[in-house]
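This report describes a protein model for a reader who is new to structural analysis. Please keep the sequence and the structure in view while reading.

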Amino acid sequence: SSKCKDHVRHLERRLSMWRNGEMVSLLKESEAIQDRLCKSQRRTEDRIKAFTRLMLSGRVSAALRFVGSEVSSVLPVTSTVLEDLRAKHPESVAPHINSLMKGPLDRKPCEPIIFEHIDADLIYRVAKRTSGSAGPSGADAELWQRILCSRQFKKKPAELCQAVANLARKLCRETVNPAHLRAFTAGRLIPLDKKPGTRPIGIGEILRRIVGKAVTSLLKTDLVESTAPIQTCAGIAGGIEASIHTLRKIYEEPGTQGILLVDASNAFNALNRKAALNNIQYTCPKFSNYIINIYRNDSKLFVDNSDDVVWSKEGTTQGGPESMGFYAVSTVPLNGDCNIPPNSSLVKEVWYADDAAGGGTLEALDGWWRNLQHQGPLFGYFPKPSKTWLITKSQHLERAKAMFPDINITDEGHKYLGSYIGTEEGKKKFMENQVEKWVGVIDDIAKIANTEPQLVHSAYLYGTSKRWSFVSRTTPNVDQHLARLEHHIKEVLLPAIIGRSFISDESRSIFGLPAKYGGLGIYNPTLVSDMEYECSLLATAQLVEQIYNQNGVLEIDNDEQFEVLKSIKEKKDGLHKAQLEIIKSGANQSVNRMIELASEKGSSSWLTSLPLQQYGFRLNKQEFHDALCLRYDFRIKDAPRHCAMCMWRCFQCRTLSNLQEGRICGTKT
């Protein structure tokens, strides 16, 4: 933060160097300054400002990317980075004859009438839920929400929504000249630091994302029926959790000698697009016309902070919401072909996007792995041995090493889709590493809570806590491993949010209740982890059974699923009520009265609402702390100790109004 006179002094010195011809010294000085600018980390103040700005607009996930381990850095576009980006977007490859599905389309033909459900109301609802930055045009989600959803422009937004709906229906029904869609399918390309390597992130136009979401929401049932139960990434409820539970069930079977976790190289960008466009007409015909219109032509990807352009000629990653559904449908022929006789019944497959997994005997896994290596490249799926893991039982370890010399092998276990499958010792190491990361995140958001406690409270409820909640739902018996995390929540995070240096055990128990029962919704992870796992098993039981039995057609009893979800809600509510009764039984009368008042209907709406600035929901630090003090009968900081009117010492009057707010004394006037 140089002052004006320092700027003048340095400017005069450099002008003198210029006049004296000291060009080399000037260049060295400039390079040194520029080098420091390029390598400097984003300052903490800048991250806090970005976090605050995003939270005030309700973008919780985006805000948390500026906190802890989620902080990512964009690589400067050098020649090396540009080469990496081009290498990850390969040239188009002619499909192999064996990768093309052939024959008559034996499914029902697609009736155009079904797309009449894509109307102005659907576009309006999708636009309201859309978020994110802009594509090449510079029009971000906020701009599109304004022009599609604002009442300021009277009838114009409704007319524009109808025009967008007409576009979506046309793309689903007719064949459109690809030259007319070049701007529609173009995107931005951002090189993120993968540490090591480059991770290409595509950002499509918001209009394309709105249209894509509308189409996929309409055809969600068709996508799920075409891919599930083996492939679970097309939008089926609880798909990722069901995949984890199924593979763990397969691994724990006595007859299972190992499970193979396969990862592909550059999977989404390397998918053979021509083969996929042909096959989708057979696997999901209702979705095929829209996908063919979008993907039949190469797309321009404009590299950020550069004049360079990368062409997307293969794969699905172009920044559109239809990409995951397209990829899921494209892998259907692959995960059906890789089990070959006589061992096909001995390998049970589980797929989530490009993460393929199989369990069975070592001989069956060997045949499945070899066939996947042979068949996969025909579809643009290239299994990478260096990223593939075989988890085997300890008694089969030596034989597994001899049979699979080119992949990673362990008898301890390995992480899978964010969870862990393996031995207790391996799970302990996994949880220690995870808790270490989470504690770092708690430290980071606690620092922000010193100035913005309401924003941090909302970010924790709707973002940060979901990380260990997912692990709790998908990994059994982790309560003892979360003790350190709970200690950090109580000793670091809660004092920063509440504005008090000490949190008693009684207060922690109250804060761990849902807001409707007088708490803050900051649950104790050691108390709820087992229940979360049991509820996840119940919620995914039908889908787990379908995957485990390797059914070709998904059959879910929706009425039964509704009753299960209802019972899960009652079970969670029952646990919180039991905790509330325990707290009340050990508390005094004033605490019980405080809980009763905080549990009244509507008394917690200010606490559970997102701090949206445009609606006036934001509370500054003092307002938030004062509101919590009134809610939990704490003494308000810096409140006067004497009545403002009569100077009577307010602590002599035990009424809440005098003690907390310094109002006119009720016992002496």
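## Terms and basis

Contact means heavy atoms within 4.5 Å. The model is a predicted one, in which local features need pLDDT of at least 70 and side-chain atom pairs count only at pLDDT 80 or more, while totals for chains, interfaces and linings use all residues. Residues are numbered from 1 along each chain as its sequence is written, and side-chain values use heavy atoms, with hydrogens and water left out.

## Overall form

The protein chain contains 30 helices and 11 strands; these are DSSP runs numbered from the N terminus, with helices (H or I) of at least four residues and strands (E) of at least two. Its C-alpha atoms fill a box of roughly 95 × 80 × 60 Å along the principal axes.

Of the 669 residues of the protein chain, 46% count as buried. Buried means under 20% relative accessible area, exposed means over 50%, and partly exposed lies in between (1.4 Å probe, protein chains only). Among the contacts in the protein chain with a separation of 6 or more, 70% come from residues 24 or more positions apart.

## Nonpolar cores

A nonpolar core is a set of buried Ala, Val, Leu, Ile, Met, Phe, Trp, Tyr and Cys residues joined through side-chain atoms within 4.5 Å. The largest one has 69 residues, of which Ile 118, Val 215, Phe 287, Tyr 290, Tyr 381 and Leu 390 touch the most other members. Helix H18 (residues 362-379) supplies the largest share of this core, 8 residues. A second, separate core of 59 residues includes Val 60, Ile 445, Ala 446 and Ile 510.

What does Tyr 381 contact, leaving aside its neighbours within four places in sequence? Its partners are Val 262, Ala 264, Tyr 327, Leu 334, Trp 351, Asp 354, Ala 356, Leu 372 and Gly 376.

## A pair of helices

The axes of helix H12 (residues 239-252) and helix H24 (residues 525-539) come within 10 Å and cross at roughly 95°. H12 is therefore roughly perpendicular to H24, a description used for angles of 65 to 115 degrees. Axes are lines fitted to C-alpha atoms, for helices over the stretch in contact, and angles run from 0 to 180 degrees between N-to-C directions.

Glu 241, His 245 and Arg 248 of H12 meet Tyr 533, Ser 536 and Leu 537 of H24.

## Cysteines

The structure holds 0 disulfides, a disulfide being a pair of cysteine sulfur atoms within 2.5 Å. The sulfur of Cys 233 lies 13 Å from the closest cysteine sulfur, in Cys 284, which is too far for a bond. Cys 233 counts as buried because its relative accessibility is 7%.

How values were computed. Angles under 35 degrees count as roughly parallel, over 145 as roughly antiparallel, 65 to 115 as roughly perpendicular and the rest as oblique.
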